Amino acid sequence: MRHKQTRKQIIEIFPRQSWFWSLIGVVSLGIVFVPIPSTFSQPVEKTLRVEASTFEFTPAVLSVNPGDLVTIELNSTDVVHGLYLDGYDIQITAQPGQTAYLKFVADARGTFRFRCSVSCGALHPFMIGKLKVGPDLLLWRGVGMAVLAALAAVWSFHSWSAIT
Amino acid sequence: MVRYNLIQIPVLRTLLTNRWPQLIIRALALAGFLLAILAGFVGTPVGNRNFAIIMVWIAWWALLIMVAVPLFGRGWCSICPIPIPGEWLQNGTILGPLKKKSGFGLKMRWPNKFRNIWLQNVAFTVLALFSIVILTQPRITGIVLLALILIAVGTSFIFERRTFCRYLCPVGGFIGLYSQVSPIEVRVRDTSVCAGHKVKTCYTGNEDGYGCPWGIFPGGMVKNTNCGTCMECLRTCPYDNIAVNLRPPGTDLLQLRGRKLDEAFKAFIMLGSAVVYSVVLIGPWGALKTAAFAVGSFAWWGYALSFLAFVYLLLPGIFYLAVRFISQNVPGKRKPLRMFTEYAYALVPLGLAAWIAFSLSFIFTNVSYLWSVLSDPFSWGWNLFGAANSSWTPYFSKYVPAVQVLVLIVGLFWSITVIQRISGERTLSEYKPWRTWPVVAYSAFVTVGLLWLLVG
């Protein structure tokens, strides 16, 4: 009986709480879309040497600034390896002992996985590295949304329980 | 709570009660499964060109974790090929039950002390420890698939019903756990009808169908966990008292009955495995990948022990401390271990979200291999569909990270609402949201960690 009453009350209370969900919606839109000011040095030409061997890239984490003209020198030390850059959808292949060059403007911000694009052995699908272009806005916006989601979930039940 | 009985739709009723659609799908699944075993043994050893690896660990896994489990719960179990040969042997027939009792096997009862999912937890953990090898070596995948089907046949010969599925299958344990979030359930429409039905044909079977292969009496079922959605009860109930309901997702998580420690631990095993795989497989640390691959080496033992410590001690240990903190602040004496079990169910949505987000990392990257292995399953130079030489192409690489963030946020929100409901269900009148902050913080911390591992 009490359960039924509670449900009825929820139905009654939620329309009155539309301001709460509107607020959550506005704040989440802010977290997702509001541009975050950041200062960077002038774009420069940057050359990064990456060694590929089974099954890792060294260094595995690369950092550049947005707008940099980046050249990745891929050097394979054992078998044929490739480098495919997620998000930019570009790739190169390096023969053993030879260097291949991948040149691009780092115009998309965030953290992007790069991965081997040539079957090189058992763990080939998991031969992965990271390219960081400026601050990782997706991660920070995700963390902001996680905090908001946690608060919203707690508050929504708090409102519900307060009337029962 | 609102329910809609899908059986009211005539087409669905026909499809679910008629044995042929299910048999055809199961036969196709069995054929695919046997082909995967064969490809594992005689196909190319190059994993991403082998039907077994791509079909099982990319195509099947994607469908299971992103579609079948979230939407249909144990729907996969109703068409799973692994128990089929054993079940046919046990029943002595392929389609419906025969008028004369037939079949082979000892039909023994599964021992009472193993009537839980601890063995499934152990089976999953063993596979997880070797998973980097299993995922990448076609022959090992072939051996594992063959072993599963042989164990299932052996179990069906010795024990009654689908004992393998319910108590041994390493996959079935987590499908059961996550089936609680599904918007579909099989339940009785009126329990008093079941109470008044003396024969219980849903359990014993009749000429229209088998007794519940999962050993469940539908009249007492309150959760999806052990229901294989095989629809036998729909066929055997003489009173048309079985419903296949569309319901609010996650309803089972708020069910007070049936919360057990073995299932609670499953939640940690699954969440912990998703975190470890995100570190080892998706992370940039080559040494970790090599350690996880070098089975038996000193490095592998380090990986294996770290895995076990993280999944069985650290994750549940911290959670226990968080729950213990809550138990000291709630009115009345509540045993922390009981509260630990109850609150662990709140991690089910987050765990499922973690697995979906993790799987997104490699599914869209590698699914393009599927076109070539379908055209040339053994890498023998065939070109059945003209796609044998199609090149590797990652799909949606720009968008996958944003989807992963969204999935994890939804999982966190859902988990925290369940935490609040569990907190309030026994002491609603004295409910205070701040009391749950240790468990909320735990869930948020795990989510942020996963965000960092997967998109950071």
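Chain B splits into domain 1 (1-258) and domain 2 (261-455), with bounds from an automatic or database domain assignment. This is a predicted model: local features need pLDDT of at least 70, side-chain atom pairs count only at pLDDT 80 or more, and totals for chains, interfaces and linings use all residues. Residues are numbered from 1 along each chain as its sequence is written, chains are lettered from A in the order in which they are written, and side-chain values use heavy atoms, with hydrogens and water left out.

The centres of domain 1 and domain 2 of chain B, taken over C-alpha atoms, lie 23 Å apart. Each domain of chain B gives 53 residues to the contact (heavy atoms within 4.5 Å). Together the two domains of chain B bury about 4,600 Å², 75% of it on carbon and sulfur atoms. Buried area is the accessible area (1.4 Å probe) that two parts lose on being put together, summed over both.

Across this interface there are 14 residue pairs in polar contact, both residues at pLDDT 80 or more. A polar contact is a pair of N or O atoms within 3.5 Å; within protein, one must be able to donate a hydrogen and the other to accept it, and residues adjacent in sequence count only if both atoms are side-chain atoms. On the domain 1 side, α3(B) gives the largest share, 12 residues. Helices (H or I, at least four residues) and strands (E, at least two) are DSSP runs, numbered from the N terminus. The residues on that side divide into 35 nonpolar, 16 polar and 2 charged. Ala, Val, Leu, Ile, Met, Phe, Trp, Tyr, Cys and Pro count as nonpolar, Asp, Glu, Lys and Arg as charged, and the others, Gly among them, as polar.

**Salt bridges.** The count over all chains is 18 (a side-chain nitrogen of Lys or Arg within 4 Å of a carboxyl oxygen of Asp or Glu). Between the two domains of chain B the count is 1.

| Pair | Closest N and O atoms |
|---|---|
| E263(B) and K223(B) | 3.5 Å |
| E185(B) and R3(B) | 2.4 Å |
| E73(A) and R49(A) | 3.5 Å |

K223(B) is buried at 8% relative accessibility, and E263(B) is buried at 4%. Buried means under 20% relative accessible area, exposed over 50%, partly exposed in between (1.4 Å probe, protein chains only). E185(B) is buried at 3%, whereas R3(B) is partly exposed at 33%. R3(B) and E185(B) also belong to a salt-bridge network with R187(B), R247(B) and D252(B).
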